[in-house]
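Dear colleague,

Please find below the structure that I am handing over to you.

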Amino acid sequence: MADDLIVLGIESSCDDTAAAVVRGVDILSSIVHGQTDLHKDFGGVVPEIAARAHAEKLDHCVEEALMQANIGFDQLDGIAVTAGPGLIGGVLSGVMCAKGLSAATGLPLIGVNHLAGHALTPRLTDQIAFPYLMLLVSGGHCQFLIVDAHDRYRRIGGTIDDAPGEAFDKTARILGLPQPGGPSVEKAAGQGDPNRFVMPRPLLNQPGCDMSFSGLKTAILRARDAVIADGGGLTAQDQADLCAGFQAAVTDMLTEKTRRALEIYLAEAPAERSFAIAGGVAANGPIRASLQQLCADHETAFIAPPLALCTDNAAMIAYAGMAKLAVGAIDDLTLSARPRWPLDDRAAPMLGSGKKGAKA
């Protein structure tokens, strides 16, 4: 990759509106405007509200990113934008903004797979060598990838239903905790007893690296209802213990499935043994600590980007776009927004297919 390329990145796939300027592996600016206040009363992200907020904020984010980087359009080499997968209204807002900027400036347009942005973040932050094992674990995605190059990914496992971040959000909603659910559940779990409520570990007794998280939501709901029926309500300690049991189950599942994924990856005898994690759930302390210890036991480097780069951001999109730009893989104004866009299109769909193609 050319170290002197300067790329503007735009990200709007869910509920964070972001823009960033990246030169090589140097992040010159990274602006993120969240929408937590807009969605908190609904218990989750409302796609229509998110899309409208993106449309209102995108131009301001781009302006802020350029000002913070002290860069003008005439100094940019390209404009990278998340073209999928994600909530289609938000993705479309970002793509249309990037198209307009490209048409007005004549700069190359690069459509980026949001998952590739996460998967390549360890290259941006730590310059690790290919191939490496990647666990992408967020509110909308969960999969193990062997990353062979910026455009070659092999999926060796993932969730067959809910993503873990989605399970955290649903657990918080069931227990009356604020959104986003990840930080709320982790905070409550820190005061709880993980052994009071024993939660299921779906697919843990099945071979392979696939996971399932939807059953945890049902288990939490039933446990909550049983506590309320017995005691007439739900105390703060009840909430904490339920969160602790839930978090322990997710940690055990991710750790065991990562162990199996590491065995597959290490069997290929990579010259440099590296495991990386990215996505919002990578910010969870107990999960991160458990995976870090697992890597130490397997003499494999553990790479976790800074928390600000684990969640959705535009710096990762700019960097992934830069990798494509360096080899001339650019798009034109026919670039489409895609709600579904698997990184490994050779792997069988995990979540089924529809008229729009494989979901993941």
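A disulfide is taken here as a pair of cysteine sulfur atoms within 2.5 Å. The structure, a predicted model, holds zero disulfides. The sulfur of Cys209 has its closest cysteine sulfur in Cys142, at 11 Å, which is too far for a bond. For Cys295, the closest cysteine sulfur is that of Cys209, and the separation of 14 Å is again too far for a bond. Cys209 is buried, with a relative accessibility of 3%, and Cys295 is buried as well, at 0%. In these notes, buried means under 20% relative accessible area, exposed over 50%, and partly exposed in between, computed with a 1.4 Å probe on protein chains only.

On the conventions: residues are numbered from 1 along each chain as its sequence is written, and side-chain values use heavy atoms, with hydrogens and water left out. As the model is predicted, local features need pLDDT of at least 70 and side-chain atom pairs count only at pLDDT 80 or more, whereas totals for chains, interfaces and linings use all residues.

Turning to the charged side chains, the structure holds 12 salt bridges, each defined as a side-chain nitrogen of Lys or Arg within 4 Å of a carboxyl oxygen of Asp or Glu.

One of them joins Arg196 to Asp238, with 2.8 Å between the closest N and O atoms. This pair links distant parts of the chain, 42 residues apart: Arg196 lies in the loop between helix H6 (181-189) and helix H7 (214-231), and Asp238 in helix H8 (residues 236-266). Helices (H or I, at least four residues) are DSSP runs, numbered from the N terminus.

Arg259 is partly exposed, with a relative accessible area of 26%, whereas Arg260 is buried at 15%. Together with Glu263, the residues Glu256, Arg259 and Arg260 are linked in a network of salt bridges.

With kind regards

How values were computed. Helices (H or I, at least four residues) and strands (E, at least two) are DSSP runs, numbered from the N terminus.
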